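Student: Could we go through this structure together, one piece at a time?

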Amino acid sequence: MKPIKLTMQAFGPFAQTETIEFDKLGTNPLFLINGPTGSGKTSILDAICFALYGETTGNERQGIQMRCDMASPTLPTEVTLEFSLNGKGYRVIRSPEQEAPKARGEGMTTRKHTAALYEITSEEKLITSKTTQVKTEITNIIGLNETQFRQVMVLPQGKFRELLLATSKEREEIFGQLFQTDIYKKIEYALKDKASSISKAKGEFDNQIRGALQVAEVSTEQELFERQEETFSELEKAQRQEQESLAQLNTVKSDIQKAETLNSEFKKREQAELALKQHAQQSEAISTRQLQLDNAKKASKIELPYVALKNSNKQVHELQQKVAKLSQDVTLADDAAKAKDAALKTAKEQANQLPKLTEYQYQLESLKGKLVEKEALDKAIATGLVQKSEFEETLKKYVALKEKLSQEALQGQQALDQARVDVASIGSVEAEIKQQQRLMQDLQKLSGLNQELTKLEAFTPNKQASVNEAKSRYEALQRSADSLELNWHNAQAAVLAQRLQTGEMCPVCGSLDHPQPAQFVGEEVTKEQVQQARNREREGQVALNQLSNQLDQHNIAIAQYKQQIEQITEELGPHATMDLGGLQASMQPLNARLQQLSSINLVQLEQNVNELNQRCVVGESKINDLQNQMAANESTVKANQEQLTKLVSTFDEKYASLEVLEQDIATVKAQIIELNRGLEDTQNQLQQAILAKANIESQLTTHQQWLKEATEQLDAAKTDWETALKMSPFADEAQFLQNKVDEQMLLTWQQEIDAFTQSKIKLEQTLSDLEQALKDAEKPDMEALNAKLTTISGAYLVARNQLDSHRSLFERLEKVRKDITSLHEKNAKLEDEYKVFGTLYDVASGKTGSRVSLHRFVLGVLLDDVLIQASQRLSLMSKGRYILARKTDGFKGAAGRGLDLVVEDGYTGKTRDVATLSGGESFMAALALALGLSDVVQSYSGGIRLDTLFIDEGFGSLDPESLDLAIQTLVDLQQSGRMIGVISHVSELKEQMAQRIDVAPSRLGSTVSVKSQMVLDS
């Protein structure tokens, strides 16, 4: 992986957007990242690591902590890294969680952590925009996770000098973290847990066997077998007795069931006799209903002539009413026709005026054309006079506007000259404002830090009190758990003493006599109570640890705030005590002045002056054109007035207005139309009246004929009805109507009679069947049978309870036997497992043999590989004097074995501790160890090609010659095809390395610049 371009925005100490183009440093360059302490050199490495994995190089700061405090609130924190790998280009963009201004309204809102990864080899292609997936994709592309990346490509400041001088135990922790060998530590813990769990499980199984025997109320497995045999014999005897009682009970139940069936048949016969008796009581009502049904059927036979008589009578009455109505209508129609004929004569007399009215209309129409011409001339003259007034008013305005424009043009030229002088002073005002703003930002930051420090210090007593309270609670829980466990152990002897029998051997001492058996002291304590107490103790310890960690973090934060306050106070000097209100008040006039000067637009002012001059020229031209238009209008008005005088002298003064003439014409037209319409309407109305009269007369004749025919039909219907009534059993029409019912009622009565008949037949048949079935039977004695059942049921329950008791005891003994057998089998398996896992744990934990644990053994092998690579470089930098080696003897105990370092001195031929090296020698050894570790981790990373290496280590402790040797080592490493970046502020390195990245700090944030021979040449 080789970085191409890094862009940092509001990140770390960089308040603005800073870009580093690594390709300008050349191919596989050796370059220096230079700058004073605190300028942000290491932040460049943090930005690279954060862009790739979302974590910093030291993993000591989170992304949310990397936002620059000096950045503008509207500028988001963001890092963009472009890099190449295996001929492909990639771009990763990452923004941490941060506070940002709300899009609407006031206040701040939290933006979530976002990231996106693109491939940019030929064209930009999105790989993923999911924040969590970007880290996974980067790991797959580069082949390294964030921890391996920090080990191999970024050598953090101070890490490897710390590793060089660490103790064996500390080196184990550091190497374990760097090489991620926790798996071997976990193997040790897993083996320990497995062996402990096996031992614990075996003990629990033994306790379960003893507990199972206690449940069976025996002391040995032999006693259990003997009692089980005895119980089985009793169980077989109880089963035989239960079967005999059950057979007797079933026989009695069968007899009772038969008796209940016979008794039910007797009850059915009684119910049938009662139902037949009740049914016979309805016979009289059914007879009455049958008589009603017969009369109704007879009435329905003569219903047809009765209905025909009623219909004929109704028809004759309706036709008589219609004929009377039509006779009245004929008289009214004749009167209407006579009135319409008189109206027609009157309309014809009035129509004789039409020829005179038509002639008068023609005369008025011929006069209309002259009046139209007169009105047109009047309108043209009035328009000309109005336009003359408008022209005169417009001329006055044009003259006044021209004078105003001339004055404004003069003033605009004067304002333009003054603005040019004001614009020249903007630079000095801006410089003064920026100086005041930087001072205000520093004072605001100092004030904010003091406020936060006060808040944190106010929380300290409460947090300390919480820790003290948690500690007291934990100690109390610990004492309680210890007391319960001690009482539990003491009570085990009393538990065993409860089961001792005189003459039996004590399981503890073996004695047959028990003169003083152990007794319970106080309340009995169970194992579950002890475990619950230990659980509460662990919970108290976890709570204490959490509160202690929170207090430590709180104190660290207070120290950091105090350090920042001291640093800012020192930078501000005498300005640190200035009042923010006074400073803000002094800036207001400056800001107002700058805003006023910045709003000056010289180009706009020049355009305004030119525009005013041009408008003066255009105004003069418009005045001349207007004067010409006024002369032409005056000539037109005079000609129109002369023509109007001649036209008015040719017609009557009455029609001086066209409106009067048009009113007269409209009046004449209306009279002509009204006369024609009146004549036509009266003619139509007369014709319609004659037709209406003829139509009514025709209808009257037709209805008179229909009335005659209907009267004849009515006489025939009366004869038919009288004949049918005489032949029926009814005396008169009233009796007929009394017996007449509708079809639905007839059907209901018939169904009611049929249902009664069928029900009677069914009841008689049922009673006959029951009497035949019970012909020779006697009614059973149910009380005697039930008493017998009660006696036999009681005897069966006694036998059943005895069987259940024996079976329950036998099953409990059988379950105990099976449980004990299963526990013995499990115990055997656990013993076999312990032979394996117990031995493995002893070996892995270093309790046997060389007494070196598995974890230390693996780290020792890795350390040997690292020391081979490191010694080659250290020998070169020390001119063949030193090589690094691992200490193999002279240990005290297991704690000092395996990972201690010594240095072999080629001048003396002896080995000595690395702590005896001088400062410069220690740095060379640490650098060699760092580079060796980088090579080894690379080789253990599956042959991954690492094209880049950043070294954040101080070179200030080396003399010039040693510095040259260290630089030569890096040059050799660079020539193998790597890009190497060295972070340092040593001036000698700055002189030796032409390729470098300079980081410059300021109160407004740090800036970066690339210094390269390639850039200078271009």
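Student: Is D998 buried or exposed?

Tutor: This is a predicted model, in which local features need pLDDT of at least 70, side-chain atom pairs count only at pLDDT 80 or more, and totals for chains, interfaces and linings use all residues. Residues are numbered from 1 along each chain as its sequence is written, and side-chain values use heavy atoms, with hydrogens and water left out. D998 is buried, because its relative accessible area is 14%, and buried means under 20% relative accessible area, with exposed over 50% and partly exposed in between (1.4 Å probe, protein chains only).

Student: Which strand is D998 in, and what does D998 touch?

Tutor: D998 belongs to strand β16, residues 996-1000, where strands (E, at least two residues) and helices (H or I, at least four) are DSSP runs numbered from the N terminus. Leaving aside residues up to four places away in sequence, D998 touches N34, T1007, V1008, S1009 and K1011, a contact being heavy atoms within 4.5 Å. Its side chain also makes a polar contact of 3.0 Å with the side chain of R996; a polar contact is a pair of N or O atoms within 3.5 Å, where within protein one must be able to donate a hydrogen and the other to accept it, and residues adjacent in sequence count only if both atoms are side-chain atoms.

Student: Switching to helices, how many residues does α14 have, and how far does α14 reach?

Tutor: Helix α14, residues 602-648, has 47 residues and reaches 68 Å from its first C-alpha to its last, close to the 69 Å expected at 1.5 Å a residue; the expected span is 1.5 Å times one less than the number of residues.

Student: And which residues of α14 are buried?

Tutor: Among them are V609, L612, C616, G619, I623 and L626, with N633, V637, N640, L644 and L647 also on the list. An α-helix has 3.6 residues a turn, so residues three or four places apart point the same way.

Student: What happens at the start of α14?

Tutor: There, a side-chain oxygen of N601 comes to within 3.1 Å of the backbone nitrogen of Q604.

Student: Last topic: how many helices and strands are in the chain, and how much of the chain is buried?

Tutor: The chain holds 23 helices and 17 strands, and buried residues make up 35% of its 1018 residues. Of the contacts with a separation of 6 or more, 77% are between residues 24 or more positions apart.
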